[in-house]
Amino acid sequence: MARLLSVNVGLPREIAWKGGTVRTAVWKLAVHGRVRAARLNLDGDGQADLGGHGGEQRAVFVYQIESYSYWQLRTFPGTPRPFTKTTK
């Protein structure tokens, strides 16, 4: 049976990447307590690339826990880990 381990949100920010600047919202932090799911996203959450993320058909994204290790190694190598997971 599936169970929810964490609800994470974060807002877009600009980072230096390969000699330029990239806007990303990949860094998400765990929310403690309830968070409202709105029409376009979760309260306190934002997306930098609205063409591929967020919006009415993609307001909430569910990640299986096994994907964390994959993305932690491949998302912006050399920067702080973008994903913060909790196991409450």
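Reply: Buried means under 20% relative accessible area, exposed means over 50%, and partly exposed lies in between, with a 1.4 Å probe and protein chains only. This is a predicted model, in which local features need pLDDT of at least 70 and side-chain atom pairs count only at pLDDT 80 or more, while totals for chains, interfaces and linings use all residues. Residues are numbered from 1 along each chain as its sequence is written, and side-chain values use heavy atoms, with hydrogens and water left out.

Me: Is Lys28 buried or exposed?

Reply: Lys28 counts as buried because its relative accessibility is 16%. Buried residues make up 27% of the 88 residues in the protein chain.

Me: Where does Lys28 lie, and which backbone oxygen does its side chain reach?

Reply: Helices (H or I, at least four residues) and strands (E, at least two) are DSSP runs numbered from the N terminus, and Lys28 lies in the loop between strand 3 (20–24) and strand 4 (29–30). A polar contact is a pair of N or O atoms within 3.5 Å; within protein, one must be able to donate a hydrogen and the other to accept it, and residues adjacent in sequence count only if both atoms are side-chain atoms. The side chain of Lys28 reaches the backbone oxygen of Gly10 at 3.4 Å.

Me: What is the place of Lys18, and is Lys18 buried or exposed?

Reply: Lys18 sits in the loop between strand 2 (13–17) and strand 3, and Lys18 is exposed because its relative accessible area is 74%. Its phi is near 50 degrees, a positive value in a residue other than glycine.
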